[in-house]
Amino acid sequence: MLSDFHLHSHYSADSETLPEDVIETAIKLGMKCICFTEHNDFEFPKNHDNFDFTLDTKAYFNELNTLKEKYSSRIDVRIGLEAGLEICFEDRINNLINNNSFDFVIGSSHLINRLDPYYPEFFENRTEKECFEEYFINILDNVKTFDNFDVYGHLDYIVRYPDTKDKYYSYSAFGDIIDEILRTLIYKGKGIEVNSGGLRCGLTFPNPHPDIIKRYKELGGEILTIGSDAHTTEYIGKYFDRIEDIIKACGFEYYTIFKNRKPEFIKL
Ligand SMILES: [Zn+2]
Ligand SMILES: [Zn+2]
């Protein structure tokens, strides 16, 4: 079983799962190593579920370090972060990352000009193409601005949310922007994440689409992490058999895990 490097527990506002339940489930699934990647999104807009996505790092590290020790003979537990990247919070995000000893940091785009594509108003009064373009340009701005993350999370996950899903989406439709994102990531030595949540949301592919994974490889990218993005235990490691086939078909012989922000390569 591949190592799951994108997991949430109740330290993320949109999960109620106990970290210990996550660990027990991963052990049952036969995983050797997992990484918690709790959300931090500063000043998340209060207009929907009233979520506060500010991570309580002190409580998080306290509990996870205890559990890490408790389970050390059975599974290697690592402590990471999913940082919602927004240029308006550049200093706060960099301070959060620099002031804590995370094993692994996923950089993600959750808010595009302060709007979350998870909610329908992101798509209101404009075409899907315009929405997707704005989203990818936002990612490009983020990857140019930020240096302090390890992989970019669920690169094209916006296609999960319009009513038409991926009907009007393809890598080639946004190839110019996506190539620039990938080239910037590779130049900075950053990876991409393959997030099986796309399959869970009814798409026929993970995020990003295999065409993007293939393109990342073609352009010289080497760092691919695998994550379920599970917020409940039932989704831990979900669809990882399919992910393994997909990334092999994209030309990868290794996938990557991180410890102390350093990549470790594992043969598929
Ligand atoms: Zn995310
Ligand atoms: Zn996540």
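**View 1. Packing of the buried side of helix α5 in the predicted model.** The buried residues of α5 pack against α4 (128-145), β5 (151-152), β6 (191-195) and α7 (210-218), where helices (H or I, at least four residues) and strands (E, at least two) are DSSP runs numbered from the N terminus, and where two residues are in contact if their C-beta atoms, placed from the backbone, lie within 7 Å. This is a predicted model, in which local features need pLDDT of at least 70 and side-chain atom pairs count only at pLDDT 80 or more, while totals for chains, interfaces and linings use all residues. Residues are numbered from 1 along each chain as its sequence is written, and chains are lettered from A and ligands numbered from 1 in the order in which they are written.

View 2. Ile178, Ile181, Leu182 and Leu185 are the buried residues shown in α5, a residue being buried if 20 or more other C-beta atoms lie within 10 Å of its own, exposed if 12 or fewer, and partly exposed in between, with C-beta atoms placed from the backbone. These residues cover an arc of only 95 degrees around the axis, which puts them on the same side of α5; the arc is that of the directions from the helix axis to the C-beta atoms. Asp176 and Tyr187, both exposed, are carried on the face of α5 turned away from its buried side. Just after the helix, Gly189 takes a positive phi of about 75 degrees.

View 3. Strand β8 (residues 254-259) pairs with β9 in the antiparallel sense over six bridges, and two strands are said to pair if DSSP finds at least two bridges between them. Within this pairing, Ile257 stands opposite Glu264 in β9. Two residues lie between the strands of the hairpin, in which Asn260 takes a positive phi near 50 degrees.

**View 4. Lys262 in strand β9.** Lys262 belongs to strand β9 (residues 262-267), and this lysine counts as exposed because it has 10 C-beta neighbours inside 10 Å. From C-alpha to C-alpha, Lys262 and Gly107 are 15 Å apart in space, although 155 residues apart in sequence.

**View 5. The setting of the close-ups within the protein.** The protein has eight helices and nine strands, and buried residues make up 41% of its 268 residues. Its C-alpha atoms fill a box of roughly 50 × 40 × 35 Å, taken along the principal axes.
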